Amino acid sequence: MTDKEITKTEILNKVYTADDHEQLRDAYKAWATDYDSDLAELGYVAHITSAEALDQALGGNHEAVILDAGSGTGLVGEELVKRGYRTLDALDYSWEMLDEAASKNIYRSLLQANMTMRLPLEDNAYDAVICTGTFTYGHITADGFDELVRVTRPGGVITFTVREGAYEEYGYRARMLDLEIKEAWELVSFYDTPYQIEEGNVCKMCTYRVLG
Ligand SMILES: C[S@@+](CC[C@H](N)C(=O)[O-])C[C@H]1O[C@@H](n2cnc3c(N)ncnc32)[C@H](O)[C@@H]1O
């Protein structure tokens, strides 16, 4: 292994085994500048497939105001811009990942916030929310869905990925069903799709419509 490969392996280990938010934020701080190139090497495709899923749910309504929650460096935003969307806000709790996103000049605003807490955003502020790669091991618990519902207007849509192994184990499935039973949201689409080609990882691609 080259030094760069060892560093990448160490960072990936830190990202998926972080014990708390501070450790995870440190891992992303160290990764921010190499994140896009490393993910390209890993064959990351979830930013593309999630942008496609949201585009389909929005029916190509390019006026939609969209929150990219857990935006990271803006890979998802770039895919949405390619599909004609223009009004995108980025939210992440890593300043360094947000700095990378800012350098792409595709976001209307960038907000540093923790998705495990109440977000400093108004109720019903968005027509759509997209959250890719963030409901996964050691990142955001299933409670995080509630805030995404709150900031999405009734009739708006939320598209997110859930990593395959974490879906049941981390309580995402149970919380998603609970929100359906409470009529907070209704299912639009749900399917398995590749996450990282090189490692053969799969994710659930989930889209819900928020109910009034
Ligand atoms: C795997 S990256 C995904 C980034 C981007 N959505 C993509 O598809 O490339 C996960 C992102 O979630 C952010 N994140 C993790 N926990 C978070 C939290 N509690 N609040 C806000 N952002 C968080 C990380 O800083 C990181 O940028």
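**Figure 1. The whole chain, element by element.** Helices (H or I, at least four residues) and strands (E, at least two) are DSSP runs, numbered from the N terminus. Counted that way, the chain has nine helices and seven strands. Its radius of gyration is 16 Å, close to the 17 Å that the globule rule gives for 212 residues, so the chain is as compact as a globular protein of that length. That radius is taken over C-alpha atoms, and the globule rule is 2.2 Å times the number of residues to the power 0.38. Bear in mind that this is a predicted model: local features need pLDDT of at least 70, side-chain atom pairs count only at pLDDT 80 or more, and totals for chains, interfaces and linings use all residues. Residues are numbered from 1 along each chain as its sequence is written, and side-chain values use heavy atoms, with hydrogens and water left out.

Figure 2. The C-alpha trace spans about 55 × 35 × 30 Å along its principal axes. Of the 212 residues, 51% count as buried, where buried means under 20% relative accessible area, exposed over 50%, and partly exposed in between (1.4 Å probe, protein chains only). The accessible surface comes to about 9,700 Å², and 49% of it belongs to carbon and sulfur atoms; areas come from the Shrake-Rupley method with a 1.4 Å probe, and for residues only the protein chains shown count as cover. Take the contacts (heavy atoms within 4.5 Å) between residues at least 6 apart in sequence: 67% of them join residues at least 24 apart.

**Figure 3. The aromatic pairs, with Phe160 and Trp185 in view.** Rings of Phe, Tyr and Trp (its six-membered ring) pair if their centres lie within 6.5 Å; planes under 30 degrees apart count as stacked, over 60 as edge-to-face and the rest as tilted. By this rule there are 15 aromatic pairs. In one of them, Phe160 and Trp185 are stacked, at 5.8 Å centre to centre with 20 degrees between the planes. Phe160 lies in strand E5 (residues 152-163) and Trp185 in strand E6 (residues 185-196), so the pair ties together parts that are 25 residues apart in sequence. Ring pairs also link up into a cluster made of Phe135, Tyr137, Phe145, Phe160, Tyr170, Tyr172, Trp185 and Tyr208.

**Figure 4. Who sits around Phe160.** Both Phe160 and Trp185 are buried, and the relative accessibility of Phe160 is 0%. Leaving aside neighbours within four places in sequence, Phe160 is in contact with several residues, including Cys131, Met176, Lys204, Met205 and Cys206. Asp38, 122 residues away along the chain, has its C-alpha 22 Å from that of Phe160.

**Figure 5. An arginine over a tyrosine ring.** The charged end of Arg25 sits over the ring of Tyr93, 5.1 Å from its centre. To qualify, NZ of Lys or CZ of Arg has to be within 6 Å of the ring centre and within 35 degrees of the ring normal.

**Figure 6. Helix H2 and its two faces.** Helix H2 (residues 21-31) has Leu24, Ala27, Tyr28 and Trp31 as its buried residues. They cover an arc of only 95 degrees around the axis, which puts them on the same side of H2; the arc is that of the directions from the helix axis to the C-beta atoms. On the face turned away from the buried side, H2 carries the exposed residues Lys29 and Ala30.

**Figure 7. Helix H7, mostly covered.** Seven of the eight residues of helix H7 (residues 144-151) are buried. Its buried residues pack against strand E1 (65-69), strand E4 (126-135), E5, helix H9 (172-181), E6 and strand E7 (201-210). One of them is Arg150, buried with a relative accessible area of 15%. Not counting residues up to four places away in sequence, Arg150 touches Arg118, Leu119, Leu121, Glu122, Asp123 and Asn124.

Figure 8. Gln196 belongs to strand E6 and counts as buried at 4% relative accessibility. Residues up to four places away in sequence aside, Gln196 touches Leu39, Leu42, Gly43, Tyr44 and Asn201.

**Figure 9. Two loop residues with positive phi.** Most residues other than glycine have a negative phi. Asn105, in the loop between helix H6 (95-102) and strand E3 (109-112), has a positive phi near 50 degrees. Glu183, in the loop between H9 and E6, has a positive phi near 60 degrees. Asn105 is exposed at 70% relative accessibility, and Glu183 is exposed with a relative accessible area of 57%.
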